[in-house]
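This briefing covers a few local features of the structure shown below.

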There are 2 protein chains.
Amino acid sequence: MRPQPGSGLVGGQEEAAQEAGLTSGTGPSPTFPFLSIGMDSCVIPLRHGGLSLVQTTDFFYPLVEDPYMMGRIACANVLSDLYAMGITECDNMLMLLSVSQSMNEEEREKVTPLMVKGFRDAAEEGGTAVTGGQTVVNPWIIIGGVATVVCQPNEFIMPDNAVVGDVLVLTKPLGTQVAANAHQWLDNPERWNKIKMVVSREEVELAYQEAMFNMATLNRTAAGLMHTFNAHAATDITGFGILGHSQNLAKQQRNEVSFVIHNLPIIAKMAAISKASGRFGLLQGTSAETSGGLLICLPREQAARFCSEIKSSKYGEGHQAWIVGIVEKGNRTARIIDKPRVIEVLPRGATAAALAPDNSNASSEPSS
Amino acid sequence: MRPQPGSGLVGGQEEAAQEAGLTSGTGPSPTFPFLSIGMDSCVIPLRHGGLSLVQTTDFFYPLVEDPYMMGRIACANVLSDLYAMGITECDNMLMLLSVSQSMNEEEREKVTPLMVKGFRDAAEEGGTAVTGGQTVVNPWIIIGGVATVVCQPNEFIMPDNAVVGDVLVLTKPLGTQVAANAHQWLDNPERWNKIKMVVSREEVELAYQEAMFNMATLNRTAAGLMHTFNAHAATDITGFGILGHSQNLAKQQRNEVSFVIHNLPIIAKMAAISKASGRFGLLQGTSAETSGGLLICLPREQAARFCSEIKSSKYGEGHQAWIVGIVEKGNRTARIIDKPRVIEVLPRGATAAALAPDNSNASSEPSS
């Protein structure tokens with residue numbers, strides 16, 4: 001199961017550079033995993049008695065204004081690649097950081113320690129610690145890291161064993177980048193005018209808080225429950241959106257299966273913003289997420305129990321999961337049905353009354 | 001011997017940010033290891049039978065024009081932190097890359113695969129492979145990586161056991177960044193005018209080639225010989241110069257020792273450029289190096305044998321080492337003597353006649 005080095009990486013990077021080219025005009029861009037590697041983490045057999053080295057790296061640019069939360073999000077995002085393999089422990093983290101050239105010394109001294117603290121606190125919550133890293137100066141702030149663990153074979157679940165009849169479960173709502181962008185648009189009249197008919201300022205604030213909370217939440221609980229409920233495969237939802245990552249996961253399956261997504265749990269109002277702005281493709285499943293949930297293939301009879309268990313107060317507040325699709329016979333592809341059901345996920349800070357009545361219906365289907 | 005996470009990292013990063021501030025006006029800056037971690041790699045005891053996880057990360061900006069060589073140098077620089085601990089194997093590498101916003105698609109497609117190939121080729125030479133990584137878009141090109149190995153206790157040498165009477169050996173000549181800068185100044189009349197009295201264009205070209213070759217050379221042979229000749233401690237020379245890294249290494253010693261450096265092997269003519277330009281502090285030991293040599297504490301009777309052995313053709317071409325100082329009783333500091341002997345190291349491409357006659361003398365002593 002060792003990913004093949006070969007020419008794959010070069011291909012992946014060329015793809016990344018090309019995609020990067022398409023988005024470089026819009027400022028800080030989403031990150032691009034090496035698609036060709038195929039898995040969220042690399043798994044290297046070691047010379048020592050059946051152990052494997054599993055590791056992953058991610059770094060990106062801030063997308064929320066709160067530096068502490070940005071540090072937490074960056075750490076949660078790095079660890080998520082381990083969690084997607086059902087790994088709950090991490091032996092070591094390194095931090096990757098750049099301080100921005102365009103900040104003055106006072107700003108740097110305020111922002112940098114907060115980002116570092118957020119990253120460290122999230123690492124501690126993950127039962128691990130940051131022991132090193134690298135810092136450079138750069139025009140833009142960069143934050144990211146490396147997560148590494150040495151595992152026994154029973155500690156990780158290879159993401160290639162989905163079977164016909166499995167059910168797909170998603171552990172965080174979609175719409176994080178829509179929320180982050182909409183929040184920036186509160187101060188951009190031209191952009192705001194395009195969406196103000198479908199959303200209030202208060203709703204955007206609530207959605208932004210909800211997105212930030214979700215992005216900063218570790219997928220560790222979900223990773224643990226993958227073992228409890230006999231998960232067959234999983235990935236985490238990040239830069240390629242739920243459809244892109246579903247397709248990646250489908251490609252890696254040993255059995256002749258395909259994934260069909262019926263339901264899209266989305267932070268309330270973000271589907272409407274995606275449609276009104278015409279920019280994200282949230283209902284098409286192509287909107288990038290940051291530190292999104294795990295998408296897990298579970299035996300059908302276990303999925304409902306998984307969704308119920310993860311909400312238990314013993315795992316702390318704020319975990320949710322939804323059944324979003326099924327595994328059927330097929331040629332290792334993934335798709336979203338024509339009129340997916342949008343599940344509008346209310347922000348924790350919201351009362352139902354504060355939001356418009358059309359919370360869950362087919363009118364949210366793709367209009368383009 | 002596990003490095004303490006604690007507040008050290010935050011301190012290290014504040015220092016980095018401050019230093020960064022000092023240099024941010026001069027464009028791409030040297031990189032800043034987390035000083036407070038103290039060692040070149042972090043060493044994490046694992047849950048599995050006596051094994052340790054050793055890993056390191058580095059990333060920085062290109063300093064040579066050849067993208068293939070830049071890839072090799074970046075990889076050699078990352079691996080060097082393992083080699084400094086006497087580790088000769090690496091279980092896995094990840095690559096960190098940013099493609100530059102300011103390059104057009106054609107430039108990117110030319111440059112990126114060459115950098116990746118250089119990095120991969122050097123990894124292969126190190127007996128390892130790149131299995132993953134991360135790519136983003138950034139105003140500047142970034143290249144770096146993560147090197148990880150899981151070791152038995154006898155595979156690494158903790159850098160804390162120098163004893164009085166030991167000798168310090170250096171395995172690459174100093175002056176890499178002086179050479180890289182002088183080469184850029186060939187096209188900058190204002191800068192060139194300040195150094196043209198002490199160096200010819202041809203000498204700069206030769207020194208640049210020599211620096212590039214040295215930076216791209218793995219410290220792996222030296223790491224292996226650390227075991228053969230019973231090394232007591234080592235570090236690699238990078239952003240803080242030979243003096244800075246000697247001081248770091250001295251601080252970590254268990255015995256009450258200090259390091260005194262008498263000799264400075266320097267790529268020919270780079271000492272003169274450092275003095276004439278007034279910018280580098282090469283003779284003071286503070287000039288940054290990239291992918292520099294190992295500085296190794298060896299028992300006196302072994303040092304000469306080490307220097308002789310590393311030149312053996314069985315290790316391939318181009319390895320050299322010099323005795324540069326001694327370990328004496330002291331309070332864990334390092335210094336360079338008042339008038340160090342400068343050893344002018346001739347570039348491979350040069351004939352002795354092509355260079356001025358003052359190859360090795362005290363006239364190269366610090367004048368400021």
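In strand β4 of chain B, the side chains of B:Asn92, B:Leu94, B:Leu96, B:Ser98 and B:Ser100 point one way, those of B:Met93, B:Met95, B:Leu97 and B:Val99 point the other way, and all are buried. The model is a predicted one. Strand β4(B) covers residues 92-100, and nine of its nine residues are buried, so the strand is largely enclosed by the rest of the structure.

**Strand pairing around β4(B)**

- On one pairing, β4(B) runs antiparallel to strand β6 (residues 142-151) of chain B, and seven bridges join them.
- Strand β5 (residues 130-138) of chain B pairs with β4(B) in the parallel sense, over eight bridges.
- Here B:Val99 has B:Val137 of β5(B) as its bridge partner.

**Helix packing in chain B**

- Two packed helices are described by the angle between their axes and the distance between the axes.
- Helix α2 (residues 67-83) of chain B packs against helix α6 (residues 201-216) of chain B at an angle of about 45°, and their axes are 7 Å apart.
- The two helices, α2(B) and α6(B), are therefore oblique to each other.
- From α2(B), the contact is made by B:Met69, B:Arg72, B:Ile73 and B:Ala76, and from α6(B) by B:Met212, B:Met215 and B:Ala216.
- Sorted by class, the contact of α2(B) with α6(B) has six nonpolar residues, one charged residue and no polar ones.

**Positive phi angles in chain A**

- Most residues other than glycine have a negative phi.
- A:Asn230 is not a glycine, yet has a positive phi of about 60°.
- The loop between α7 (220-228) and β8 (233-236) of chain A holds A:Asn230.
- The relative accessibility of A:Asn230 is 43%, so this residue counts as partly exposed.
- A:Lys269, also a residue other than glycine, has a positive phi near 80°.
- The loop between β9 (257-267) and α9 (270-277) of chain A is where A:Lys269 lies.
- With a relative accessible area of 11%, A:Lys269 is buried.

**Record annotation on chain A**

- An unreviewed UniProt entry places the feature "domain: PurM-like C-terminal" at residues 164-336 of chain A.
- In the model, residues 164-336 of chain A are 42% helix and 20% strand, and the end C-alpha atoms of the span lie 17 Å apart.

Terms used: Residues are numbered from 1 along each chain as its sequence is written. Chains are lettered from A and ligands numbered from 1 in the order in which they are written. This is a predicted model: local features need pLDDT of at least 70, side-chain atom pairs count only at pLDDT 80 or more; totals for chains, interfaces and linings use all residues. Side-chain values use heavy atoms; hydrogens and water are left out. Axes are lines fitted to C-alpha atoms, for helices over the stretch in contact, and angles run from 0 to 180 degrees between N-to-C directions. Helices (H or I, at least four residues) and strands (E, at least two) are DSSP runs, numbered from the N terminus. Angles under 35 degrees count as roughly parallel, over 145 as roughly antiparallel, 65 to 115 as roughly perpendicular and the rest as oblique. Contact means heavy atoms within 4.5 Å. Ala, Val, Leu, Ile, Met, Phe, Trp, Tyr, Cys and Pro count as nonpolar, Asp, Glu, Lys and Arg as charged, and the others, Gly among them, as polar. Buried means under 20% relative accessible area, exposed over 50%, partly exposed in between (1.4 Å probe, protein chains only). UniProt positions are given in the numbering used here, feature names are shortened, and annotations may be inferred rather than shown by experiment. Two strands pair if DSSP finds at least two bridges between them.
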